[in-house]
Amino acid sequence: MAIKKSNKLSQATVLKQIVKRCSSLGKKQGYDEEGLPMDVPKGHFVVYVGVNRSRYIVPISLLTNPEFQNLLQRAEEEFGFDHDMGLTIPCEEVVFQSLLVE
(Lines give C-alpha, C1' and ligand atoms only; values in the text may rest on other atoms or scores of the structure.)
Protein backbone atom coordinates (compact mmCIF):
# COMPACT_ATOMS: atom_id res chain seq x y z
CA MET A 1 0.00 0.00 0.00
CA ALA A 2 2.06 2.91 -1.24
CA ILE A 3 1.03 6.42 -0.40
CA LYS A 4 1.52 8.74 -3.34
CA LYS A 5 1.52 12.51 -3.36
CA SER A 6 -1.41 12.42 -5.76
CA ASN A 7 -3.43 10.40 -3.26
CA LYS A 8 -6.43 12.47 -2.16
CA LEU A 9 -6.61 10.88 1.31
CA SER A 10 -4.67 12.56 4.07
CA GLN A 11 -2.04 10.58 5.95
CA ALA A 12 -4.20 10.66 9.07
CA THR A 13 -7.13 9.18 7.14
CA VAL A 14 -4.96 6.43 5.69
CA LEU A 15 -3.59 5.62 9.14
CA LYS A 16 -7.08 5.44 10.65
CA GLN A 17 -8.11 3.03 7.90
CA ILE A 18 -5.06 0.85 8.56
CA VAL A 19 -5.68 0.80 12.30
CA LYS A 20 -9.34 -0.09 11.85
CA ARG A 21 -8.54 -2.91 9.42
CA CYS A 22 -5.61 -4.45 11.22
CA SER A 23 -6.31 -4.37 14.90
CA SER A 24 -8.83 -5.46 17.44
CA LEU A 25 -8.85 -2.25 19.40
CA GLY A 26 -12.12 -2.62 21.27
CA LYS A 27 -13.12 -0.89 24.47
CA LYS A 28 -10.55 -2.70 26.59
CA GLN A 29 -8.53 -1.52 29.55
CA GLY A 30 -5.79 0.76 28.24
CA TYR A 31 -7.89 1.96 25.30
CA ASP A 32 -9.92 5.12 24.89
CA GLU A 33 -13.57 5.37 23.85
CA GLU A 34 -12.57 5.25 20.17
CA GLY A 35 -10.69 2.00 20.75
CA LEU A 36 -7.24 3.56 20.40
CA PRO A 37 -4.43 2.70 22.83
CA MET A 38 -3.98 5.41 25.47
CA ASP A 39 -0.18 5.09 25.55
CA VAL A 40 0.15 6.15 21.91
CA PRO A 41 0.55 9.92 21.51
CA LYS A 42 -1.39 11.83 18.91
CA GLY A 43 0.34 11.67 15.55
CA HIS A 44 1.76 8.19 16.18
CA PHE A 45 0.70 4.58 15.61
CA VAL A 46 1.79 1.13 16.72
CA VAL A 47 3.50 -1.56 14.65
CA TYR A 48 4.79 -4.98 15.61
CA VAL A 49 8.14 -6.01 14.15
CA GLY A 50 10.27 -9.13 13.92
CA VAL A 51 9.84 -12.71 15.03
CA ASN A 52 9.21 -11.58 18.62
CA ARG A 53 6.67 -9.01 17.42
CA SER A 54 8.25 -6.19 19.37
CA ARG A 55 5.94 -3.19 19.72
CA TYR A 56 7.05 0.16 18.31
CA ILE A 57 5.24 3.48 18.52
CA VAL A 58 6.13 5.40 15.38
CA PRO A 59 5.21 8.84 14.03
CA ILE A 60 2.67 9.16 11.23
CA SER A 61 5.36 10.96 9.22
CA LEU A 62 6.95 7.54 8.70
CA LEU A 63 4.12 6.81 6.25
CA THR A 64 5.79 9.08 3.69
CA ASN A 65 9.06 7.12 3.81
CA PRO A 66 9.35 5.01 0.62
CA GLU A 67 11.10 2.18 2.48
CA PHE A 68 8.29 2.05 5.05
CA GLN A 69 5.73 2.08 2.24
CA ASN A 70 7.46 -0.99 0.80
CA LEU A 71 7.25 -2.67 4.20
CA LEU A 72 3.53 -1.85 4.39
CA GLN A 73 3.02 -3.40 0.98
CA ARG A 74 4.89 -6.54 2.08
CA ALA A 75 2.83 -6.63 5.29
CA GLU A 76 -0.40 -6.48 3.28
CA GLU A 77 0.79 -9.26 0.97
CA GLU A 78 2.05 -11.48 3.79
CA PHE A 79 -0.48 -10.88 6.56
CA GLY A 80 -3.29 -8.81 5.07
CA PHE A 81 -4.82 -5.92 6.99
CA ASP A 82 -7.92 -7.72 8.22
CA HIS A 83 -6.79 -9.59 11.33
CA ASP A 84 -6.63 -9.21 15.09
CA MET A 85 -2.86 -9.13 15.50
CA GLY A 86 -2.24 -5.42 14.89
CA LEU A 87 -0.11 -4.02 12.10
CA THR A 88 2.77 -6.49 11.80
CA ILE A 89 5.79 -5.47 9.76
CA PRO A 90 7.66 -8.36 8.11
CA CYS A 91 11.30 -7.47 8.65
CA GLU A 92 14.07 -7.88 11.18
CA GLU A 93 14.03 -5.47 14.12
CA VAL A 94 17.52 -4.19 13.32
CA VAL A 95 16.41 -3.23 9.81
CA PHE A 96 13.28 -1.52 11.14
CA GLN A 97 15.25 0.38 13.79
CA SER A 98 17.63 1.69 11.11
CA LEU A 99 14.57 3.02 9.27
CA LEU A 100 13.55 4.98 12.37
CA VAL A 101 16.83 6.88 12.69
CA GLU A 102 16.87 8.19 9.12
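## Aromatic pairs

Rings of Phe, Tyr and Trp (its six-membered ring) are taken to pair if their centres lie within 6.5 Å, with planes under 30 degrees apart counted as stacked, over 60 as edge-to-face and the rest as tilted. By this rule the count comes to three aromatic pairs. One aromatic cluster is formed by Phe 45, Tyr 56, Phe 68 and Phe 96.

## Basis of the values

The model is predicted: local features need pLDDT of at least 70 and side-chain atom pairs count only at pLDDT 80 or more, while totals for chains, interfaces and linings use all residues. Residues are numbered from 1 along each chain as its sequence is written, and side-chain values use heavy atoms, with hydrogens and water left out.

Helices (H or I, at least four residues) and strands (E, at least two) are DSSP runs, numbered from the N terminus.

Phe 68 belongs to helix H2, residues 66–79. Its relative accessible area is 0%, so Phe 68 is buried; the term buried means under 20% relative accessible area, exposed means over 50%, and partly exposed lies in between (1.4 Å probe, protein chains only). Leaving aside residues up to four places away in sequence, Phe 68 has contacts (heavy atoms within 4.5 Å) with Phe 45, Val 47, Leu 62, Leu 63, Ile 89, Phe 96 and Leu 99. The C-alpha atom of Phe 68 is separated by 9.5 Å from that of Leu 100, 32 residues apart along the chain.

A nonpolar core is a set of buried Ala, Val, Leu, Ile, Met, Phe, Trp, Tyr and Cys residues joined through side-chain atoms within 4.5 Å. The largest such core has 17 residues, and those with the most contacts inside it are Phe 45, Val 47, Phe 68, Ile 89 and Phe 96. Two or more residues are given to this core by each of strand E1 (44–49), strand E2 (54–59), H2 and helix H3 (93–100). In soluble globular proteins, nonpolar side chains tend to be buried together.

## Helix H2

At 1.5 Å a residue, the 14 residues of H2 should span 20 Å, and its end C-alpha atoms are 20 Å apart, which agrees; the expected span is 1.5 Å times one less than the number of residues.

The buried residues in H2 are Phe 68, Gln 69, Leu 71, Leu 72 and Ala 75. Seen down the axis of H2, these buried residues fall within an arc of 160°, so they line one face of the helix; the arc is that of the directions from the helix axis to the C-beta atoms. Pro 66, Glu 77 and Glu 78, on the other side of H2, are exposed.

## Sheet and hairpin

Three strands form an open sheet of mixed pairing in the order E2-E1-E3, where two strands pair if DSSP finds at least two bridges between them. E2 and E3 are the edge strands, each pairing on one side only. E1 and E2 run antiparallel and are joined by six bridges, whereas two bridges join E1 to strand E3 (residues 88–89) in a parallel arrangement. Tyr 48 stands opposite Arg 55 in E2 and opposite Thr 88 in E3, while Val 49 faces Ile 89 in E3 as its opposite residue.

E1 and E2 form a hairpin with four residues between them, and Gly 50 in the turn has a positive phi of about 80°. Arg 53 lies in the loop between E1 and E2 and has a phi near 50°, a positive value in a residue other than glycine. Most residues other than glycine have a negative phi. With a relative accessible area of 32%, Arg 53 is partly exposed.
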